[in-house]
Amino acid sequence: MKTRREFLRELSAVFAASTLPGAIPAMAGTAAAPSAILHPLSAAPAGAAATSPFVGIQMSPHSMLYEGIGPCLDLIQRTGAVNTVFPYSHAFHTNSLGQPIKEQAPDHGKPPLDLRGKLPMVWTKHHDEYFKNTSLRVKPTDPSLQFADRDLFKEMIKPSRDRNIKVGARILEGSGRAVENFDQVRTIDVYGKRGSRACWGHPDYREFWKAIVADLFNHYDLDAFQWGAERMGPLMNIILPWNNDAPTCFCPHCVERGKAAGIDPERAKEGYRLLYEYVQQLKSNAPKPPEGVYTLYLRHIIRYPEILSWQYQYRLSREDVHRGMYTTIKAIKPSAYVGWHVDQQPTSWDVVYRAEMSYAEMAPYSDFIKLILYHEILAPRIKAWYLDRFKSTILSELSLEESLNIYYDIFGYDKQVEPKVDELTKKGFSPDFVYREVKRSVASAQGKTQIIAGIGFDVPGSPPDDPERVYQATKKAFEGGATGIMISREYEEMRIPNLEAVGRAVREHH
Ligand SMILES: [Zn+2]
């Protein structure tokens with residue numbers, strides 16, 4: 001929780017920032033009372049909502065429009081004790097919102113409907129005047145798509161206010177499919193080729209995000225905002241490869257940043273190229289190096305310490321994007337509750353992300369950090385996305401069992417309680433994992449930012465959920481010190497008994 005002094009310091013920083021060229025001037029009369037920032041929910045009318053913990057829910061926008069705004073809000077409030085709803089304003093991360101019918105909850109009162117390929121990616125109206133500092137633009141929405149004529153964030157405000165439910169917008173960064181001129185801001189890899197994602201350091205990309213949130217908060221009466229980018233840094237993407245893309249970014253902006261930090265960009269690039277090529281070789285069926293697979297990994301890091309320094313700059317430049325959005329939003333609406341989606345990899349197995357920075361260090365531009373702590377689906381993910389991948393790269397000398405035990409020990413999870421190797425595809429992680437990860441994160445935040453636990457259930461591909469485990473996981477999140485929870489992953493997947501289990505734990509908690 002922030003102290004009053006911290007609040008005032010932040011507020012003055014916000015107003016100072018608003019005098020910079022290109023920044024949005026703070027609107028008169030929008031400065032909220034400090035309490036509105038200290039307790040994001042305290043602005044709610046008197047009653048249970050004012051004292052209940054933050055309970056958000058992630059939702060695809062079409063769910064609410066399909067089920068009906070009022071009935072949907074009633075359902076999530078009654079079952080899950082939800083007090084803040086987060087539809088996507090922009091679904092940049094996906095080619096297609098919506099789920100196959102078999103993955104949708106059948107018990108929401110309306111029959112599941114397969115809308116894949118028929119839904120917009122962007123659910124807000126944009127205004128060109130906010131995009132003056134960037135060449136990027138959001139592509140217009142195809143008017144023939146389902147619900148393209150609706151303006152969800154305008155339509156849902158009053159029904160939400162009537163029920164003391166707050167409205168947040170949620171965005172996941174993505175490939176650029178919905179963004180004009182995106183090719184200009186793509187990363188540049190070690191071979192000088194364009195990468196698949198945008199560069200955090202490109203001014204047009206940074207300004208694009210400020211423009212998006214300025215437009216959003218000037219035109220919609222939003223209470224909260226959550227933004228995330230599910231992508232790995234260059235080092236992890238080599239040693240624990242999500243894809244085979246060559247390491248990035250070595251564009252002129254990143255080169256300048258590296259130089260300013262005292263790093264030789266050519267050495268960094270060479271180090272990354274050699275490490276990448278080494279791991280690519282490991283992944284092929286070539287004979288293993290007789291000196292040792294892990295040993296030679298270490299040799300690269302020792303010869304090219306620039307690899308680590310470059311990775312850290314990557315992270316800092318990503319954090320600058322957070323800071324830019326935060327400052328922009330606070331200049332428009334100081335009471336907005338603004339925070340970041342930290343996906344399952346950084347929360348649950350990316351030790352590089354964990355080592356780079358504490359959550360306290362992110363606090364100056366984070367009202368909250370929302371952690372993905374989906375306990376059931378984590379087990380198959382650890383098998384496929386951690387153990388198997390490391391086995392094919394730098395940890396091939398360990399058996400899967402050894403690798404899993406080391407993982408449990410390093411991350412502080414209880415190997416007596418969590419699944420064994422051969423159980424990972426059938427049995428989820430336990431509610432104790434949620435407790436331990438929340439507790440660790442609260443310690444990392446040092447009281448400077450709030451930890452919101454993303455409780456996930458009914459995620460496709462997950463070992464079966466049951467309401468008792470969902471209840472326990474929610475309870476454990478509060479016991480670990482979470483300020484609140486985010487019911488995840490998508491509302492359309494969530495079965496009512498599991499939503500009710502969350503609601504039960506929330507109501508018992510306060
Ligand atoms: Zn770059």
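At what angle do the axes of helix H11 and helix H12 cross? In this predicted model, the axes of H11 (residues 265-283) and H12 (residues 293-303) cross at roughly 170 degrees and come within 10 Å. H11 is therefore roughly antiparallel to H12, since angles over 145 degrees fall in that class. The crossing of the two helices is left-handed. On the H11 side, the contact involves Gly 271, Leu 274, Leu 275, Tyr 278 and Leu 282, which meet Val 293, Leu 296 and His 300 of H12. Sorted by class, the contact of H11 with H12 holds six nonpolar residues, two polar residues and no charged ones.

Helix H19 (residues 431-445) packs with helix H20 (residues 467-479) at an angle of about 20 degrees, and their axes are 8 Å apart. H19 and H20 are therefore roughly parallel to each other, because angles under 35 degrees are classed in this way. H19 passes H20 in a right-handed crossing. Pro 431, Asp 432, Val 434, Tyr 435 and Val 438 of H19 make this contact with Arg 469, Gln 472, Ala 473, Lys 476, Ala 477 and Glu 479 of H20. The residues of the contact of H19 with H20 comprise six nonpolar, one polar and four charged.

The interior may be considered next. In soluble globular proteins, nonpolar side chains tend to be buried together. The largest nonpolar core here has 136 residues, and of these Ile 369 and Ala 453 touch the most other members. When residues up to four places away in sequence are not counted, Ile 369 touches Gly 339, Trp 340, Val 342, Tyr 359, Met 362, Ala 445, Thr 449, Ile 451 and Ile 452.

Most residues other than glycine have a negative phi, and most peptide bonds are trans. Thr 248 and Cys 249, however, are joined by a cis peptide bond with omega of about 10 degrees; Cys 249 lies in the loop between helix H9 and helix H10. The bond from Ser 488 to Arg 489 is cis as well, with omega near 5 degrees, and Arg 489 belongs to the loop between strand S12 and helix H21.

Positive phi values occur at Phe 147, near 65 degrees, and at Asn 181, near 70 degrees. Phe 147 is in the loop between strand S3 and helix H6, whereas Asn 181 is in the loop between strand S5 and strand S6. Phe 147 is partly exposed because 18 other C-beta atoms lie within 10 Å. Asn 181, with 13 C-beta neighbours inside 10 Å, likewise counts as partly exposed.

Technical notes
Residues numbered from 1 in each chain as written. Predicted model: local features only at pLDDT ≥ 70, side-chain atom pairs only at ≥ 80, totals over all residues. Axes fitted to C-alpha atoms, helices over the stretch in contact; angles between N-to-C directions. Helix = DSSP H or I, 4+ residues; strand = E, 2+ residues; numbered from the N terminus. Parallel < 35°, antiparallel > 145°, perpendicular 65-115°, else oblique. Left-handed = near helix turned anticlockwise from the far one by under 90°. Contact = placed C-beta atoms within 7 Å. Nonpolar A, V, L, I, M, F, W, Y, C, P; charged D, E, K, R; others polar. Core = buried A, V, L, I, M, F, W, Y, C linked by C-beta atoms within 7 Å. Buried ≥ 20, exposed ≤ 12 C-beta atoms within 10 Å, placed from the backbone.
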